[in-house]
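Open the model in your viewer and get ready to select a few residues by number. We will stop at each place in turn and see what is there.

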Amino acid sequence: MLLAGCQDPASTNQGSSRSEIRIVGSSTVFPFAKKVSEEFVNFDPERRSPILESTGTGGGIELFCSGVGANTPDIVNASRRMKKNEFDRCITNGVEEIVEVIIGFDGIALAQSKNGPKINLSVAEFYTALAAEPFGKGPNTTRRWPDINPALPDTRINIFGPPSTSGTRDALEEIIMEKGCKTDPAVGALADSDKDKFEEICHTVRTDQGYTDAGENDNLIVQKLSTNPDAVGIFSYSYLADNAETVRGIPINGVEPSYATIESGQYPGARTLFIYIKKKHVDVIPGLREFLAEYLRGGEPDGYLTRIGLISSPAKMRSEMLERIKSLPTLDGAVLE
């Protein structure tokens, strides 16, 4: 009775069955989910290949929260934590038992073509280049990097990055832009006195030619850097690692994006990666519990996911997550923001 239609393995509201795991969400997490799906089927060829969609974190959570049943996703990949308003939407639509699992870590990398002039940025300089109204002092009028700091390369500010539906964009705003914005003490004080104003100043990205929304495909941003050697790209560290022959990481506050600096938290763009699971679908959709175990196995320090760019969680956290997929405790919305 857990899924609409009352059939096993599962049924849609129209009575047709689904025996594949369905996953939506983050373009950053997509390559990891794809690799786990391959290993999941290789282990037992009789298993059906999971259906994966790269929708972006926000778009994926919206689909995930649309309801319970075989016509809705079982898992959403997320490159940031679920927000309170998203959780509330899930509850409203009957998705009342959600399990949160941390799969590892990643970094939001700033990168450029190896053929371009080397650039090093502080969080304040990067924020100033990207913000719609830097420090709340009016529209962004910077056009070239020396407009921000004369020591920077004399090239046009041309940044390719993710859209507003992307978890990478959310994390970019909340992790790197906020740090740059808070270098102004007056704006930093707004975080306590006027949170809405603070987020408007610190999180709003410029919409002129300085920033180009390149969609959910991080590979497309890598390609754009090859044809725009003066440009800056924003994408997951795993894509930087995969394309190290053609692009290089841009240091932020003197720290380059790398496995070691992300693992240690030293790199300003380090972030946590999540998956969310519908508890009502576990043990009803065939293989879902086994798939979750495979996800964590691949994320071990010497696992196949770490070989393609995932930063493994500390041992204590991995143990906690293994216990979590066994006991399936549900997420408390009170801990979300």
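A word to know before the first stop: a residue is buried under 20% relative accessible area, exposed over 50% and partly exposed in between, with a 1.4 Å probe and protein chains only. This is a predicted model, in which local features need pLDDT of at least 70 and side-chain atom pairs count only at pLDDT 80 or more, while totals for chains, interfaces and linings use all residues. Residues are numbered from 1 along each chain as its sequence is written, and side-chain values use heavy atoms, leaving out hydrogens and water.

Select Phe-135 first. Phe-135 sits in the loop between helix 4 and strand 5; helices (H or I, at least four residues) and strands (E, at least two) are DSSP runs, numbered from the N terminus. Is Phe-135 buried or exposed? Its relative accessibility is 18%, so Phe-135 counts as buried. Its phi is near 60°, a positive value in a residue other than glycine.

Now go to Asp-283, in the loop between strand 9 (270-278) and helix 11 (288-298). Asp-283 also has a positive phi, of about 70°, although it is not a glycine. With 58% relative accessibility, Asp-283 counts as exposed.

Next, show the largest nonpolar core, which has 49 residues. Such a core is a set of buried Ala, Val, Leu, Ile, Met, Phe, Trp, Tyr and Cys residues joined through side-chain atoms within 4.5 Å. Phe-126, Leu-130, Trp-145, Ile-159 and Ile-234 have the most contacts inside this core. Helix 5 gives the most to it, with six residues. Click on Ile-234: beyond its neighbours within four places in sequence, its contacts (heavy atoms within 4.5 Å) include Phe-126, Leu-130, Ile-159 and Leu-172.

Where they meet, helix 5 brings residues including Met-177 and Cys-181, and helix 7 brings residues including Phe-198 and Ile-201.

Finally, colour the chain by pLDDT, the predictor's confidence in each residue, from 0 to 100. The chain has a mean of 91, and 95% of its residues reach 70 or more. Over residues 4-9, pLDDT is below 50.
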